[in-house]
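Subject: Structure handover

Hello,

Here is the structure for you to look at. Please open it first, then read my notes below.

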Amino acid sequence: MEECLFCTIARGAFGTEFLYEDDQVVAFEDLHPQAPVHVLVVPKRHFDNIVDGVPAEVLASMVAAAQAVAEKTGIASTGFRCIMNTGSDAGQTVQHLHMHILGGASLGEGLIAQR
Ligand code: AMP
Ligand code: ZN
């Protein structure tokens, strides 16, 4: 069976540069950035999305990663958005849990990000 894309990236098989890594998660730049800073936080274990029984320690690491990435990329003070697309109505295209961190420019006030 073909391995899930983000499982492959998270185990380091593509040599992707990680902006953050701990025992639970990695963070790397999105291939098609939609903001000056666009980073994905991805658990090392496979979960389809946020309603797939994700344990607390994984969620804690995802938040720690968001904080570390925001500080490293300089957007902690200017602000940023964290998005976890879940299922088809949200347009989830990669079926491995991930959190988008978007910042570096004004993202507007709406809840729905412009594509
Ligand atoms: P979503 O629509 O929430 O499932 O987001 C999936 C994201 O993964 C999109 O923003 C893609 O640009 C991004 N993406 C897809 N393939 C890769 C890849 N190989 N490396 C980095 N980001 C990717
Ligand atoms: Zn996976």
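First, a definition: Ala, Val, Leu, Ile, Met, Phe, Trp, Tyr, Cys and Pro count as nonpolar, Asp, Glu, Lys and Arg as charged, and the others, Gly among them, as polar. With those classes, the lining of the largest pocket holds 8 nonpolar, 10 polar and 3 charged residues.

Some ground rules. This is a predicted model, where local features need pLDDT of at least 70 and side-chain atom pairs count only at pLDDT 80 or more, while totals for chains, interfaces and linings use all residues. Residues are numbered from 1 along each chain as written, chains are lettered from A and ligands numbered from 1 in written order, and side-chain values use heavy atoms, without hydrogens and water.

**The pocket**

A pocket is an open set of points on a 1 Å grid over the protein atoms alone, where a 1.4 Å probe fits, with protein on both sides within 12 Å along at least five of seven lines; lining residues have an atom within 4 Å of a point. The largest pocket has about 400 Å³ of space (the volume filled by probe spheres set on the points). Its lining has 21 residues, and Phe6, Asp30, Leu31, Leu40 and Val94 lie nearest the centre. Helix H1 gives the largest share of that lining, 3 residues. H1, S2 and strand S3 (37-43) each supply at least two. Helices (H or I, at least four residues) and strands (E, at least two) are DSSP runs, numbered from the N terminus.

**The ligand**

Where is ligand 1? It sits in the largest pocket, meaning that more than half of its atoms lie within 2 Å of the grid points. There are 17 residues around ligand 1, and Asp30, Asn85, Thr93, His98 and His100 come nearest (near means a heavy atom within 4 Å). This shell has 7 nonpolar, 7 polar and 3 charged residues.

Now the polar contacts (pairs of N or O atoms within 3.5 Å). A polar side-chain atom of His98 lies 2.8 Å from an oxygen atom of ligand 1. For His100, the distance from a polar side-chain atom to a ligand 1 oxygen is 2.8 Å.

Best wishes

Notes. Polar contact = N/O pair within 3.5 Å; in protein donor to acceptor, adjacent residues only side chain to side chain.
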